[in-house]
Amino acid sequence: MTATSSAFAPGWERRAIVYQIYPKSFFDADGDGIGDLAGLTEKLDYIVDLGADAVWLCPIFKSPMIDQGYDMADYKAVNPLFGTLDDVDALIEEARRRDIKIILDIALNHCSTQHAWFREALANPSGPYGNYFIWRRPKEDGTPPNNWPSVFGGPAWTTPEGHDRAYLHLFDASQADLNWDNPHVRQEIYAAIRFWLARGIAGFRLDVVTMISKDPALPDLPPGGLMDRYRIWARGPHLHAYLREMRREAFDPFGAVAIGEAPGLTPQTAAAVLDPADPMLHMVYHFDLVEPPRDQSGAYDRVAFKEVFTAWDRGVGSQGWNSVVLSNHDLSRVVHRFGDPANRYESATMLLALVLFQRATPFLYQGDELGLLNTPFTDMSELDDVWAKTTYKQALKKGLTPVEAFAKAVAVTRDHARTPFPWTEGFGGGFSGGSPWLKANPLNFPLNAERQSKAHRSVLRFAKEAIALRKAEAPFWQGAAFEDLLPDHRDVFLFRRALAGQTRFVALNLRGARAEAPLPSGRVILSNYRLQDRKRPEEGALLPFEARVYAPD
């Protein structure tokens, strides 16, 4: 494919169901304990059978893997852990034969301190690569240039040994923020994106792209939490200009899709970057749905949760386009956040229905379709996540005991979502013939894909049925207006989708207890409770975590 032709029909991303894969934990084809590109290619038929249209891969670029690939050391090279460039080409070709699109994940806000650019900057600070990064002198008392904290803990500034200036790193010290105000940096990034698009990649998910533009004054932050900081960092003075330039110079020549991970954006500010009349991003990937909102008592506020769906649907509007995301590689398993492991099947399937029937592109993370569970970690040696390790070290420095520090590390670890995928009843869940790079979760062995594919009642079977319904009525689910019919109900999410005289109702019980509600009449065309479990759907009430889709009579 060349820059003057595209294999991708315009708007395909609005019709797609995206399946996110963490390559290191998906399937290991060569037996070294690490998932790889050949393993993913081998399992493409599983993705086809599920019904997904696109695969988003977490980073596969050359990296020291301190932050599992989001510390990129070469934007045009494949990490040997995963394979070779030939393996990428084979994956693209086999996916194309199955009408599956491949989306790569790229971190543009920062690169690894092992990248050649940073090494050159250290060796010659006054040379051309010195200005690829953001440097400031510490204050006279030796404290950092400003009060910005790293997302992972500690200050966002590090002064290399033998240097009199510190570099900015909003994430780990091994991830130096790039200076996007330098046009040479931007052109290097665009060239890397074009390199992959020319090979047939359908688009990119742009990691924390809302943070690429910084206020040059780098002012101190007011008091607040992480989300407050994200909102400030997303107000960079040149964000829109850089997004427009990147879209124009890198994405549009290939008809490729730009999906912006958008921490800090509100529905209203997201609408501006999604305006088709002012092209910047095709879609935003936001975080407003990934954690249950809490009321003053600390309890899950389901009314506030529902309000987020309405706010984003209205804020982005029918011209822009939204995503719906409950799970990814950075979060604990969705059943633990929004459901109940004791009612795993019911809550996992209800949450699948919640994601799949919105006016937005659904993103499913590997294992959502199986209802996988969190891992019972017992020791720091079982954790790999840099965030968890930093949290543990910071807690010890503050005087906490190792037991207390470990509890804090487990509370933030992203390893729950990164444990090896359970394929079969075999050794280690059939992920690898060798010892896996991260402890496999024994709780997930009985939930393996092979067993669920054969069961008459399983989360996987329901996922396939729900996806098939969305695809069978694709124009409707893509374009139908959304309305929450019971916005004040504390337990039930009942919303209507309507388009050109056609209507569907989706009724979801967000709680693990029977909930009474005024439900619509009509034919139930999808339910996570089998009809043989009851003679007929109960009128005026939903069972624990029940999901129904109605077609009016």
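In this predicted model, ring pairs join Tyr300, Phe305, Phe309, Phe338, Phe482, Phe493 and Phe495 into a cluster. The count of aromatic pairs comes to 38. One of them brings together tryptophan 117 and tyrosine 132, whose planes stand at 70°, so the pair is edge-to-face. This pair links distant parts of the chain, 15 residues apart: tryptophan 117 belongs to helix H5 (residues 116–123), and tyrosine 132 to the loop between H5 and strand E7 (135–136).

Phenylalanine 482 is part of strand E16 (residues 481–484) and phenylalanine 493 of strand E17 (residues 492–499), so the pair ties together parts 11 residues apart in sequence.

| Residue | Relative accessibility |
|---|---|
| Tryptophan 117 | 8% |
| Tyrosine 132 | 6% |
| Phenylalanine 482 | 11% |
| Phenylalanine 493 | 0% |

Charged side chains also meet aromatic rings. The charged end of lysine 24 sits over the ring of tryptophan 437, 4.0 Å from its centre, and lysine 43 lies over the face of tryptophan 423, at 4.2 Å from the ring centre.

Glutamine 366 is found in the loop between strand E15 (361–365) and helix H13 (386–397). Its relative accessibility is 0%, so glutamine 366 counts as buried. Beyond its neighbours within four places in sequence, its contacts include Tyr19, Gln20, Arg333 and Phe421.

As to confidence, the protein averages a pLDDT of 95, and 97% of the residues score at least 70. Over residues 1–5, however, pLDDT stays under 50. Where pLDDT is low, predicted coordinates should not be read in detail.

How values were computed. Residues numbered from 1 in each chain as written. Predicted model: local features only at pLDDT ≥ 70, side-chain atom pairs only at ≥ 80, totals over all residues. Heavy atoms only, no water. pLDDT = per-residue confidence, 0-100. Contact = heavy atoms within 4.5 Å. Helix = DSSP H or I, 4+ residues; strand = E, 2+ residues; numbered from the N terminus. Buried < 20%, exposed > 50% of the residue type's maximum accessible area, 1.4 Å probe, protein only. Phe/Tyr/Trp six-rings, centres within 6.5 Å; stacked < 30°, edge-to-face > 60°. Lys NZ or Arg CZ within 6 Å of the ring centre and 35° of its normal.
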